[in-house]
Structure formats: C-alpha cells, structure tokens
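Trainee: I have the sequence and the model open. Could we go through them together?

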Amino acid sequence: APATYENLRLSAPKPGVGLITLHRPRALNALSSALFSELNTALKDYDSDSTIGAIVLTGSEKAFAAGADIKEMKDLSFSQAYNTDFIASWSSTIPHIRKPIIAAVNGVALGGGCELALMADIIYCSSNATFGQPEIKLGIIPGAGGSQRLTRAVGKSKAMELILTGRNFSGTEAGEWGVAARVFDSAEECVNGAVDTAGKIAGLSRVAVKAAKEVVNKSQDAPLREGLEFERKVFHGLFGSQDQKIGMSAFIDKKKPEWSHE
Ligand code: HXC
C-alpha cells in the first residue's frame, strides 16, 4: 500500500477511526479512475487494520465529489465501456468492506459523488450540501447504483423525479427524506459529528458491529423471510463470540465491557 496518495489524505482523528479525505481540489474531487483506485486501496487497508474500527469518508467544504470524471468519460466508446466493464471498480471493493463507513458530505455530491455517498453505511451532511443525479443532463443515466440505492432511500416517485429531471436536492432535504441520518449547520460540525459517531462505533464489539452491518445490508436485497432467517442465524452465531460473554457479564456486574477485539 502506498504511504502517500495523490488524491487522498488519510488521518486518524480519534482512536479507532480512519478518516479518508478525498483530495483532488482542482476538479472538485471528480472521481477519476486513479482516485477511485486509491480509495479502494485505502479502504481495504483500513478494513484489515486491527487498530481501526470505523471509517469516515469526506471531501472538502466545497465538494464531497462532483461526480465521475467527465473528461475521462467524454470520448469513451460503447465497446471500451463494455470491454473494460467501465465503473466496475466502483463496486469491486466498497460492498466488501466489513467495517462501517460514514460519509460526511459537504458541498456537492453529484452523479457518481452522490452514488459514492449512497454506498456508505451512514450519511451525515451539512444543511447546505448539494446532492443530485444530474447524469440525464449529460445524456447518460446513473451508473454506480444511483437508480437503485436512491430509489430504496427515497421511494420510487421522488427518485424518478430526481433522476428524470437531474434536479439537485439539499442536505436539508436529504435529512428530511432519510437519505442522511443527521444534518449539521456547518461542514466542520458535520465531519466532527461523523468522527464522533465512528469513534463510538469503534469502541464497541468489533465482531458485533460487523455482524450488525451485514444483517442490515441484507435487508436491502433479500426478501423479508430470507432476511429474518439470516438475522437469526447471525444472532445465534454471536453466542459463540467472546464479546457476547464479555458484554452480558459486564452488564450484570455493572462494569464497562472490555471488548476482546477478536
Ligand atoms: C471532471 C470536473 C467535474 C467532473 C467539475 N470538474 N466537475 N471535471 N468531471 N464531474 C472540474 C471542472 O471542469 C473545472 O475544471 C473544475 O472542476 C471546477 O469546476 P467548475 O465547473 O469551474 O466549478 P463551479 O463553477 O463552482 O461549478 C461546480 C459544479 C460544476 C456545479 C459542481 O463543476 C458541475 O456541474 N460539475 C459536473 C457535475 C456533474 O454533472 N456530475 C455528474 C458527472 S456524470 P477546469 O479545468 O475547467 O478548471 C457521473 C456519472 C456517474 O457522475 C455514473 C457512474 C459512475
């Protein structure tokens, strides 16, 4: 793994928290292939780093990300897009990251930027953030999950309106619609809020947190009966973990649990 990245800044603002800041300021964090490849590497590294319990992904105050890189896509032919399975790298890694990812969205999160935020487990944003799927205005459609994840998040009618017109929506709207879990007054508060939440999650049982993420995600693509059965199996499995014994003993002994980090 590279110690330094061209398009990312990495830091550890709190014990257990890995903060990834997209840093391609001249292009408003447009998601070039190079940037996305670095992002995948950084996420994989944090996922396998035992000191990290949760990840925060953010951009700048102006831009979370202004979308896929239009300059890279402009001359792409169908056969190039098809043969290289263009954009497949966007889903090669993030869906397999097992630690929670919180997106702290400030400024624009447009097109692929909005889709990247929707790939996170939790979205926090500032009230004046700008979300949107403007692809229709470029003669294309969302290609990294926007038509599916946004629709699950806001319902069909609203998703259709947004995707068919390409109109933006604000951070305030994202909060009202449940796209964002929390809305903050400023970019700084948003990032701090995400880091705080990530820190809290990082202080919990690692194995239980992974299991919780896995079962909630199951709800997004499984029929209810299958999801419920999956939840119960995973729930049963946790009785084989040290942390279940540690957590319940600590409750009964009126102590703070010292998680195993197994
Ligand atoms: C490449 C981009 C870019 C993008 C901005 N830039 N967005 N480059 N791809 N998506 C570049 C500009 O070309 C410009 O570079 C510099 O960043 C600053 O942008 P400006 O437009 O000058 O800034 P501003 O006037 O403040 O406007 C901000 C903006 C606008 C409203 C966000 O940049 C914009 O509309 N961007 C495109 C948004 C969009 O359509 N996104 C969807 C992309 S399609 P120069 O060199 O001129 O200084 C997509 C498909 C995803 O995401 C499908 C599968 C992944």
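Trainee: Which helices each supply at least two residues of the shell around the ligand?

Mentor: This is a predicted model, where local features need pLDDT of at least 70, side-chain atom pairs count only at pLDDT 80 or more, and totals for chains, interfaces and linings use all residues. Residues are numbered from 1 along each chain as its sequence is written, and side-chain values use heavy atoms, with hydrogens and water left out. Helices are DSSP runs of H or I with at least four residues, strands are runs of E with at least two, and both are numbered from the N terminus. On that basis the helices asked for are helix 2 (70-73) and helix 4 (112-119).

Trainee: Which helix gives the most to the shell around the ligand?

Mentor: A residue is near a molecule if one of its heavy atoms lies within 4 Å of it. The ligand is surrounded by 23 residues, and the closest are Ala66, Ala68, Ile70, Lys71 and Gly112. With 3 residues, the largest share comes from helix 2.

Trainee: What percentage of the ligand's area does the protein bury?

Mentor: A ligand nitrogen lies 2.9 Å from a backbone N or O atom of Ile70, and a ligand oxygen is 2.9 Å from an N or O atom in the side chain of Lys71. A polar backbone atom of Gly112 is 2.8 Å from an oxygen of the ligand. Accessible areas come from the Shrake-Rupley method with a 1.4 Å probe; the ligand alone exposes 1000 Å², and the protein buries 62%.

Trainee: Which residues form a nonpolar patch on the surface with Ile70?

Mentor: Patch members have over 30% relative accessible area and no salt bridge; like charges are joined within 9 Å, and nonpolar side chains (Val, Leu, Ile, Met, Phe, Trp, Tyr) within 5 Å. The patch has about 260 Å² of accessible area together. One member lies in the loop between strand 8 (130-132) and helix 5 (146-154).

Trainee: Is Lys213 buried or exposed?

Mentor: A salt bridge is a side-chain nitrogen of Lys or Arg within 4 Å of a carboxyl oxygen of Asp or Glu, and Lys213 makes one with Asp121 at 2.8 Å, N to O. Lys213 sits in helix 9 (residues 206-218) and Asp121 in the loop between helix 4 and strand 7 (122-126), so the pair ties together parts 92 residues apart in sequence. Buried means under 20% relative accessible area, exposed over 50%, and partly exposed in between (1.4 Å probe, protein chains only). Because its relative accessible area is 14%, Lys213 is buried.

Trainee: Which residues do salt bridges that share partners join into one network?

Mentor: The count of salt bridges comes to 7. In one of them the side chains of Glu173 and Arg167 meet at 3.5 Å, N to O. The network consists of Glu161, Arg167 and Glu173.

Trainee: Which side chain does a polar contact of 2.8 Å join to Ser260?

Mentor: Ser260 is in the segment after helix 11 (242-252). A polar contact is a pair of N or O atoms within 3.5 Å; within protein, one must be able to donate a hydrogen and the other to accept it, and residues adjacent in sequence count only if both atoms are side-chain atoms. The side chain joined to Ser260 is that of Asp243.
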